[in-house]
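Me: I am new to this structure and would like to understand the words used for it. Could you walk me through them?

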Amino acid sequence: MAFSMVFIVSNIMLLFSSAFAKTASPPSLSPTPAPAPAPDYVNLTELLSVAGPFHTFLGYLESTKVIDTFQNQANNTEEGITIFVPKDSAFNAVKKTVLSNLTSDQLKQVILFHALPHFYSLAEFTSLSQTSSTPTFAGGDYTLNFTDDSGTVHISSGWSKTKVSSAVHATDPVAIYQVDKVLLPEAILGTNIPPAPAPAPTPDIAPAADSPTEHSADSKASSPSSTHDDSSSHKFISYGIWANLVLATFGVLVLF
């Protein structure tokens with residue numbers, strides 16, 4: 001009997017200890033999702049060094065310290081950046097005095113004028129073409145106008161009219177597009193835009209004169225025939241004279 005009581009008490013204690021263990025166990029935790037990978041760092045200097053050539057524009061970026069502003073916008077903001085980069089030949093086409101006469105602040109504004117503080121793919125320029133103007137990094141009155149012509153993006157800065165000729169880099173958050181001309185702002189250069197040079201007149205083509213060679217050849221070709229005709233006439237006259245002399249002599253002899 002005592003043994004049975006001990007057995008029953010043991011089982012009861014075992015059941016209580018098992019239930020307590022279940023209630024005391026810590027709740028299971030779901031795994032924390034891994035953070036999204038940060039976008040790759042975009043080195044603008046490296047991109048512009050291997051493409052183009054964009055050495056002149058890159059030189060202005062570095063001398064004006066605008067490269068730091070663009071680099072920070074590209075890698076430390078959610079908006080991204082869009083840059084329009086003229087080739088070296090585009091700068092060569094600009095009058096030297098146009099840029100050399102600018103102050104350092106004005107030159108910095110011109111370089112800032114070549115970027116938008118937002119990433120735009122080529123497809124998004126269609127919506128930009130429906131707005132009157134788009135602000136640039138230069139701020140204020142430094143705006144650009146865009147038009148989309150069957151997929152070709154045209155840009156007007158007031159002084160400059162050009163188009164996007166190719167995409168150098170177009171992966172969010174950085175878009176770099178090559179343009180054919182330097183973007184010159186009206187806010188600095190004014191509205192007195194020089195007229196485009198008129199096309200050169202087409203020279204009048206005078207009719208070709210007879211060449212001396214051909215004239216000489218014609219003369220030579222006709223010369224033998226003339227000489228031959230003159231010789232025949234001379235011989236005919238000579239025969240006629242002799243015939244008259246012979247007849248006159250015969251007539252005198254008959255009279256005597």
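This is a predicted model: local features need pLDDT of at least 70, side-chain atom pairs count only at pLDDT 80 or more; totals for chains, interfaces and linings use all residues.

Me: What makes strand 6 and strand 7 (residues 174-179) a pair?

Reply: Two strands pair if DSSP finds at least two bridges between them. Six bridges join strand 6 to strand 7, so the two are paired, and they run antiparallel. A hairpin of two residues links them.

Me: How do you know that strand 5 (residues 152-156) pairs with strand 6 (residues 161-171)?

Reply: By that rule again: three bridges join them, so they pair, also antiparallel. His 154, for instance, has Lys 163 in strand 6 as its bridge partner. Four residues lie between strand 5 and strand 6 in their hairpin, and Gly 158 in the turn has a positive phi of about 100°.

Me: What counts as a helix or a strand here?

Reply: Both are DSSP runs numbered from the N terminus: helices are H or I with at least four residues, strands are E with at least two. The protein comes to ten helices and seven strands.

Me: What share of the residues is called buried?

Reply: Buried means under 20% relative accessible area (1.4 Å probe, protein chains only). Of the 256 residues, 25% count as buried.

How values were computed:
Residues are numbered from 1 along each chain as its sequence is written. Side-chain values use heavy atoms; hydrogens and water are left out. Buried means under 20% relative accessible area, exposed over 50%, partly exposed in between (1.4 Å probe, protein chains only).
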